[in-house]
Amino acid sequence: MYYYKFKVSFDEVEDFERNIEILSSDNFESFHQILYESIGLKGHELAAFSICDTKWNKKQEVTLIDMLDDRETEMPSYEEEEEFSTSSNIPKFIMKDAVLKDFITDPHQYITYEYDFINPKVFYIELLKTVQAKEEEVFPRCTLSKGILPADSENLKPIQSEDDFLNDFLEELDEDDLDDGFSEDDQLWNDSQTEFDSL
């Protein structure tokens, strides 16, 4: 019995890394679950793995649920020379039915894991090594955890109150701007107020 050791990275966080160890006979649904837990993802959004070549080109896709449309529709035809196509020829599989060892074809297999298709987070996974498992070992497991995902709220600028906005505006003005802001009319008004007060 063998297990795979994977390194997981996330481009948006520089020091982010997870090491995941999982049996070769396990399925992608278990892989998804250990990633979900160890990364600290929130909610229960859709997710998919893509089996890639060494240039991260997708070759196969493994989705959490069956995302194929069962309705019979006539697919548009395209010439072989046509550069653009709306159809995808990438073979698709379902996580619970897809066993890891059936998809690992390279000793340093590249895989992407995409979570939440509306606000996607894409993780890059590389197979580090294949190891003989011991009977007492428990899988799947996370053996290294570095870095955390930024909270969604950290990406939003807090709404300013009217006082904060006014203070920020005044701080941006230098003294010359403030001096220029008072015209001769303003000086006349001040003089007239002084004269009025003396009456």
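**Surface and core**

A: Let's start with one residue. This is a predicted model, and in it Phe 117 is partly exposed, with a relative accessible area of 33%.

Q: Where is Phe 117 in the chain?

A: Phe 117 sits in a loop. That loop runs between β6 (110-115) and β7 (121-132).

Q: And which residues make a nonpolar surface patch with Phe 117?

A: Leu 46 and Ile 65 do. Together with Phe 117 they make a patch of about 230 Å².

Q: OK, now the inside. How many residues has the largest nonpolar core?

A: That core has 31 residues. Phe 28, Phe 31 and Phe 49 have the most contacts inside it.

Q: Which elements give two or more residues to this core?

A: The strands are β1 (2-9), β2 (17-23), β3 (47-52), β6 and β7, and the helix is α1 (28-39). The largest share, 6 residues, comes from α1.

Q: What does Phe 31 touch, leaving aside its neighbours within four places in sequence?

A: Phe 31 is in contact with Phe 6, Ile 20, Ile 22, Phe 49, Leu 100 and Ile 125.

Q: What about another core?

A: Another core, of 5 residues, lies apart from the largest one. Among its members are Tyr 3, Leu 23, Val 131 and Ala 133.

Q: New topic: how many disulfides are there?

A: The structure holds 0 disulfides.

Q: Is Cys 52 buried or exposed?

A: Cys 52 counts as buried, because its relative accessibility is 4%, and the cut-off for buried is under 20%.

Q: And how does Cys 142 count?

A: Cys 142 is partly exposed, with a relative accessible area of 30%.

How values were computed
Residues numbered from 1 in each chain as written. Predicted model: local features only at pLDDT ≥ 70, side-chain atom pairs only at ≥ 80, totals over all residues. Heavy atoms only, no water. Patch = residues over 30% accessible without salt bridge, like charges linked within 9 Å, V, L, I, M, F, W, Y side chains within 5 Å. Areas by Shrake-Rupley, 256 points an atom, 1.4 Å probe, with all protein chains shown as cover. Salt bridge = Lys/Arg side-chain N within 4 Å of Asp/Glu carboxyl O. Helix = DSSP H or I, 4+ residues; strand = E, 2+ residues; numbered from the N terminus. Buried < 20%, exposed > 50% of the residue type's maximum accessible area, 1.4 Å probe, protein only. Core = buried A, V, L, I, M, F, W, Y, C linked by side-chain atoms within 4.5 Å. Contact = heavy atoms within 4.5 Å. Disulfide = S-S within 2.5 Å.
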